[in-house]
Amino acid sequence: MNPILLDVDTGIDDSVAILYALNALNIRVEGICTGFGNTDVGQATDNTLRLIKLANPDYDIPVAPGAAGPLQRRWSGPVVHVHGNNGIGNAELPASSQQPLQQSAADFIVRKANEQPGEITLVTLGRLTNLALALEKDPSIGTKIKKVVMMGGTVAAPGNVTPVCEANFHGDPEAAARVLKSDLPLTIVGLDVTMKTRLTARHLELLARNAGPDKRELIAYLQTALSYYFNYYTQVNDFIGACPLHDPLALLVAVDPSLVKMQTLKADIECEGRFTAGMVVTDQRTHPSIGRDVQVCLEVDSERAVNKLVAAFL
Ligand code: BDR
Ligand code: CA
């Protein structure tokens, strides 16, 4: 069993990752931290609580609300054109009676790292603000968290916010830079691999045909939310009836690293520039002099990854 702590900005693809985590037999979700990004932190928290209820009304997974904006910058607001007015493609899910924790996401990360040293894998699917704040409160978590797998950044593939920047790192460059400065063992699951890992309308049809009666509401949710996401990727990336699985892939890799080929590279985060704030800079010179070692995912067995995801919803 893999004890996983999720950090999300729920978000259509975050929601697919959350539902996967709650359905996969080899994952124990220790808690979910929320933050701003795809939507505001309040909406991300509410979406997360509703998704937990959708996965199983008996679940009581702790949800810790976190940062409402970046460390040093003004937040530019929800990306409604990508994730809809409510962050989950305008899908309507029943409200949950579960209350979020009183403890902040940063305090919750610190608590879990200290309660279970060497055990927790933290999978970040949004901005790195909560983790940066946790490191500030207790730098010792750098050696207590087993590993951090981050959906963020890109090394060779084009960016999705600027030509060279990905949304999660660009959304709070200073937070990403602080995380890169820490002792945490880091894996980057960036656009290099997430853009190649695509869910299609065919997968959704397969789920609708074969999923058991207990999964009907979940599949109906996926159809509504993902059709919004498909439309966005059709308009912007010329995908037809498909979307990349950014956040789900990071979670899949956290549990099964054999899905990707990784390389250890020296990396740092650029915090300045109109096009470059939040860019991952790797030093691949013969004698690198900047950055620190990070595991960077550069190739993916996308078919196996998508099949694993789909199988959890059958
Ligand atoms: C990342 O940005 C968000 O829109 C997605 O949820 C994902 O975490 C992709 O760049
Ligand atoms: Ca996300």
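**Close-up views of a predicted model**

**View 1. Helix H7 and its packing partners.** The buried residues of helix H7 pack against helix H5 (129-137), helix H6, strand S9 and strand S11, where helices (H or I, at least four residues) and strands (E, at least two) are DSSP runs numbered from the N terminus. Within H7, which spans residues 173-181, the buried positions are Pro173, Ala175, Ala176, Arg178, Val179 and Leu180; a residue is called buried if 20 or more other C-beta atoms lie within 10 Å of its own, exposed if 12 or fewer, and partly exposed in between, with C-beta atoms placed from the backbone. Contact in these legends requires that the C-beta atoms of two residues, placed from the backbone, lie within 7 Å.

This is a predicted model, in which local features need pLDDT of at least 70 and side-chain atom pairs count only at pLDDT 80 or more, whereas totals for chains, interfaces and linings use all residues. Residues are numbered from 1 along each chain as its sequence is written, while chains are lettered from A and ligands numbered from 1 in the order in which they are written.

**View 2. The nine-stranded open sheet.** The strand order is S3-S2-S1-S4-S5-S6-S11-S9-S10, and the pairing within this open sheet of nine strands is mixed, two strands being paired if DSSP finds at least two bridges between them. Strand S3 (63-65) and S10 are the edge strands, each of them pairing on one side only. From one strand to the next the twist averages 30 degrees. H7 packs on this sheet, touching S9 and S11, and its direction makes about 115 degrees with that of S9; axes are lines fitted to C-alpha atoms, for helices over the stretch in contact, and angles run from 0 to 180 degrees between N-to-C directions.

**View 3. Bridges around S9 and S11.** S9 (residues 260-270) pairs with S11 (residues 292-300) in the antiparallel sense over eight bridges, and in this pairing Met262 has Cys297 of S11 as its bridge partner. S9 is also paired with S10 (residues 279-283), again antiparallel, over five bridges, with Asp268 bridged to Val281 in S10. Strand S6 (residues 186-189), by contrast, pairs with S11 in the parallel sense over two bridges, and the bridge partner of Thr187 is Gln295 in S11.

View 4. When neighbours within four places in sequence are left aside, Val189 is in contact with Val149, Met150, Met151, Thr194, Leu249, Ala250, Val253 and Cys297. In soluble globular proteins, nonpolar side chains tend to be buried together.

View 5. Ligand 1 is surrounded by 14 residues, of which the closest are Gly11, Asp13, Glu166, Ala167 and His246; a residue counts as near the molecule if its C-beta atom, placed from the backbone, lies within 6 Å of it. At least two residues of this shell come from each of H1 (12-23), H6 (167-170) and helix H11 (246-255). By type the shell divides into four nonpolar, six polar and four charged residues, where Ala, Val, Leu, Ile, Met, Phe, Trp, Tyr, Cys and Pro count as nonpolar, Asp, Glu, Lys and Arg as charged, and the others, Gly among them, as polar. Gly11 lies in the loop between strand S1 (2-8) and H1, and the peptide bond joining Thr10 to Gly11 is cis, with omega about -5 degrees.

View 6. Gly84 is found in the loop between helix H3 (80-83) and helix H4 (105-115), and it counts as buried because it has 22 C-beta neighbours inside 10 Å. Apart from neighbours within four places in sequence, Gly84 is in contact with Gly89, Asn90 and Tyr228. Asn90 belongs to the loop between H3 and H4 and, although a residue other than glycine, has a positive phi near 65 degrees. Asn90 counts as partly exposed because it has 14 C-beta neighbours inside 10 Å.
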